[in-house]
Amino acid sequence: LIRQAVLWLKWEERELSTQLVNYVNAFCVSLKLHLLTGASGDRAVFRRQLEAHLKPEELEEVLKAPAIPQHLLCMMTAVMVTANHRKACEGYAGQLILFQMDNTLTILTDTLGKCERIMRTPI
């Protein structure tokens, strides 16, 4: 997703690329913490780990969410919707690019679900 955002979004929309990169990094960190501590994990730990990747107002929004990794996936989707509205990827090719990025988000969502199922499976 990071490669797609950096390569495919217009240079003028680099703030969207940067935002998406930060959200993907935060998602990876939050997924690790979510799997180690569970959904009710210590929010102070999440705060310390995520503050390097998110703006203060974004961090506060994320920490209020009951499921942090899922919330970050929604934030990534919002960036892609914004890119679509701004025509950050032009023409038919641009729509294919955004479709591919959405497909990548679907894969991340599916992977999150698989990790949670493994985590909850009794041994």
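Reader: How many residues does helix α5 have, and how far does it reach from its first C-alpha to its last?

Author: A helix here is a DSSP run of H or I with at least four residues, numbered from the N terminus. Helix α5 covers residues 68–85, which is 18 residues, and it reaches 26 Å from its first C-alpha to its last. That is close to the 26 Å expected at 1.5 Å a residue, where the expected span is 1.5 Å times one less than the number of residues. Please keep in mind that this is a predicted model: local features need pLDDT of at least 70, side-chain atom pairs count only at pLDDT 80 or more, and totals for chains, interfaces and linings use all residues. Residues are numbered from 1 along each chain as its sequence is written, and side-chain values use heavy atoms, with hydrogens and water left out.

Reader: Which residues of α5 are buried?

Author: Buried means under 20% relative accessible area, exposed means over 50%, and partly exposed is in between (1.4 Å probe, protein chains only). In α5 the buried residues are Ile68, Pro69, Leu72, Leu73, Met75, Met76, Val79, Met80 and Ala83. They lie on the same side of α5 because they cover an arc of only 160 degrees around the axis; the arc is that of the directions from the helix axis to the C-beta atoms. On the other side of α5, Cys74 and His85 are exposed.

Reader: And where is Ala78?

Author: Ala78 is in helix α5 too, and with a relative accessible area of 41% it is partly exposed. Ala78 and Leu20 are 58 residues apart in sequence, yet their C-alpha atoms are 9.6 Å apart in space.

Reader: Which residues are buried in α4?

Author: In α4 they are Glu58, Leu59, Val62 and Leu63. Their arc around the axis is only 130 degrees, so they sit on the same side of α4. Glu57 and Lys64 are exposed on the other side of α4.

Reader: How many salt bridges does a search of the whole structure find?

Author: Let's take the idea first. Side chains of opposite charge can pair when their charged atoms come close. The cut-off used is a side-chain nitrogen of Lys or Arg within 4 Å of a carboxyl oxygen of Asp or Glu. The search of the whole structure finds one salt bridge. Glu60 forms a salt bridge with Arg47, with the closest N and O atoms 2.6 Å apart. Glu60 lies in helix α4 (residues 56–64) and Arg47 in helix α3 (residues 43–50), so the pair ties together parts that are 13 residues apart in sequence. Glu60 is partly exposed at 33% relative accessibility, and Arg47 is partly exposed at 32%.

Reader: How many helices and strands does the protein have?

Author: The secondary structure comes to six helices and zero strands. Of the 123 residues of the protein, 38% count as buried.

Reader: Which element has the lowest mean pLDDT?

Author: pLDDT is the predictor's confidence in each residue, from 0 to 100. Among the elements, α1 has the lowest mean pLDDT (75) and α4 the highest (95). The protein averages a pLDDT of 86, and 89% of the residues score at least 70.

Terms used. Helix = DSSP H or I, 4+ residues; strand = E, 2+ residues; numbered from the N terminus.
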